[in-house]
Amino acid sequence: MKKILFVNPCADISGAEMSLLVLMKYLDRTKYTPLLLIPNEGILRARAEALGVTVRIFPMHAMMLERNVKTSLRDSFISAGELGQIARLLKELSPDLVHVNSYRVGIPFSLASRKLHIPSVWHLRDIPESGAKKKLLSISTRLPDKTIAISHAVAFALGKKLHSGLIVIHNGVEINLFQNVQPGKFRKELNLAEDTILLCSIGQLIPWKGHDLLIEAFQKLSVEQPLHLVIVGGNVSPIWASSREYSDYREYLEQLVDNHNLKGRVTFTGFRDDIPQILTDIDLYIHTATSPEPFGRVLVEAMAAKKPVVAPNWGGIPEIVTDNVTGLLYEPKNVAHLAERLEFAFENLQHITQMGEVGLKVAREQFTAEKYVEKVQAVYEGLL
Ligand code: UDP
């Protein structure tokens, strides 16, 4: 039995943690025992424990590669004390492999693992925004024994060609969770008339997810049918939400809805635990990231629920959604083009319903939890 130590730099839940939970759930327990390290108490602990995973708290905020790359560099490399703490922890836990679920704490954990001759794996789930961070990451992905990028877009962002140390494994979704859900519960909660077309966006309430762009496009739509827009998602983890820009974001969006006289036609739900129910009850899923989306597991979830998607053509999205086949892609950040694509969707409801059906087929063929975990386990097997 091999012990895998998963390291996650926060205890809240967003896409990275959803994918980690799927990985720990489907891990072959006859071969691997998962153990999870998080920096503080949070919802992730209960979710992991419910899967039978032992969770250990280990403060790691100080060593995180954050927005300020210069300070982070100093913190990441110079703090021998922190490296010593990690090394002591690794000696105590004696994992056979360390799997870091984010670049943010990759450097100190891989340095400590190396010292103890423990193989380490990085899971790269972000597209670094600044040139300096890109460069740093590009160099430091030599540290772990293997780096898994969640999309080709993430791998390319590092300016690297794929090589034996850097591979792409797309995230996986539990497709069955989105099947056979009794429809209606969520629409009832919203109190919608039968003929209302329900549009939906799901994701952290964080500026780069582009909810403002979505609201702008929504108010431009001139169609016959009654439309309702639901924006699902909670505030971003307090660890990342240090700036005002983040904490006031929901207020800003609500103001925008007011300014466009859309009150009553847009609903904010906050974080929800019933995404399969929500996706079953909607008519169209809309994604509006205003920075390249590294992957976007919610797109696969929408496809698993047989829903057509409208999404910007960048980042990992075109690796999931094929224009005119499983959804409609639009020019990123272009409100007019998004509105145009949405109007096209409403004028061609039968066509886009078919796209939803193809979407389910693609999700089943390419993005299952089983395939995802099988590929990650193959990485472990190569290192152990
Ligand atoms: N999610 C959720 N409840 C919410 C909002 C999001 O469970 O209220 C889930 C969503 O179903 C998906 C994940 O969070 O599994 C978001 O992942 P994605 O890759 O789309 O975005 P990220 O959070 O990584 O930017």
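How many residues of domain 1 are in contact with how many residues of domain 2? The points below take this up and then turn to the sheets and the ligand.

1. Basis. This is a predicted model, in which local features need pLDDT of at least 70, side-chain atom pairs count only at pLDDT 80 or more, and totals for chains, interfaces and linings use all residues. Residues are numbered from 1 along each chain as its sequence is written.

2. Domains. The protein is divided into domain 1 (2-172 + 368-383) and domain 2 (175-366); these bounds come from an automatic or database domain assignment. The C-alpha centres of domain 1 and domain 2 lie 29 Å apart.

3. Domain contact. To answer the opening question, 18 residues of domain 1 are in contact with 14 residues of domain 2, where contact means that the C-beta atoms of two residues, placed from the backbone, lie within 7 Å. On the side of domain 1 that touches domain 2, α1 and α7 (152-157) each supply at least two residues. By class, that side of domain 1 has 6 nonpolar, 8 polar and 4 charged residues. Ala, Val, Leu, Ile, Met, Phe, Trp, Tyr, Cys and Pro count as nonpolar, Asp, Glu, Lys and Arg as charged, and the others, Gly among them, as polar.

4. The seven-stranded sheet. An open sheet of 7 strands has the order β3-β2-β1-β4-β5-β6-β7, with parallel pairing. Strands (E, at least two residues) and helices (H or I, at least four residues) are DSSP runs, numbered from the N terminus, and two strands pair if DSSP finds at least two bridges between them. β3 and β7 (166-168) are the edge strands, each pairing on one side only. On average, neighbouring strands of this sheet are turned by 25° against each other, direction ignored. Axes here are lines fitted to C-alpha atoms, for helices over the stretch in contact, and angles run from 0 to 180 degrees between N-to-C directions.

5. Strand β1 (residues 2-7) pairs with β2 in the parallel sense over 6 bridges. Lys2 has Tyr32 in β2 as its bridge partner, and Leu5 has Leu35 in β2. β1, α1 and β2 make a right-handed β-α-β unit. Strand β2 (residues 32-38) is in turn joined by 4 bridges to strand β3 (residues 54-57), and β2 and β3 run parallel. From β2 the chain crosses through helix α2 (residues 43-49) to β3, again as a right-handed β-α-β crossover. Right-handed means that, with the strands pointing away from the viewer, the path from the first strand over the helix to the second runs clockwise. Opposite Leu36 stands Val55 in β3, and opposite Leu37 stands Arg56 in β3.

6. Helix α17. Helix α17 (residues 369-383) lies across β1, β2, β4 (97-100), β5 (120-124) and β6 (146-149), and runs at about 170° to β6.

7. The six-stranded sheet. Another open sheet has 6 strands in the order β10-β9-β8-β11-β12-β13, paired in parallel. β10 (266-270) and β13 (327-330) stand at the edges with a single partner strand each, so one side of each is left without a neighbour in the sheet. Strand β11 (residues 284-286) pairs with strand β12 (residues 309-312) in the parallel sense over 2 bridges; Tyr285 has Val309 in β12 as its bridge partner. Helix α13 lies across β8 (197-202), β11 and β12, running at about 160° to β12.

8. Ligand shell. The ligand is surrounded by 18 residues, of which Ser14, Gly15, Met18, Arg297 and Val298 are the closest. By class, the shell has 8 nonpolar, 7 polar and 3 charged residues.

Definitions and conventions
A residue is near a molecule or strand if its C-beta atom, placed from the backbone, lies within 6 Å of it.
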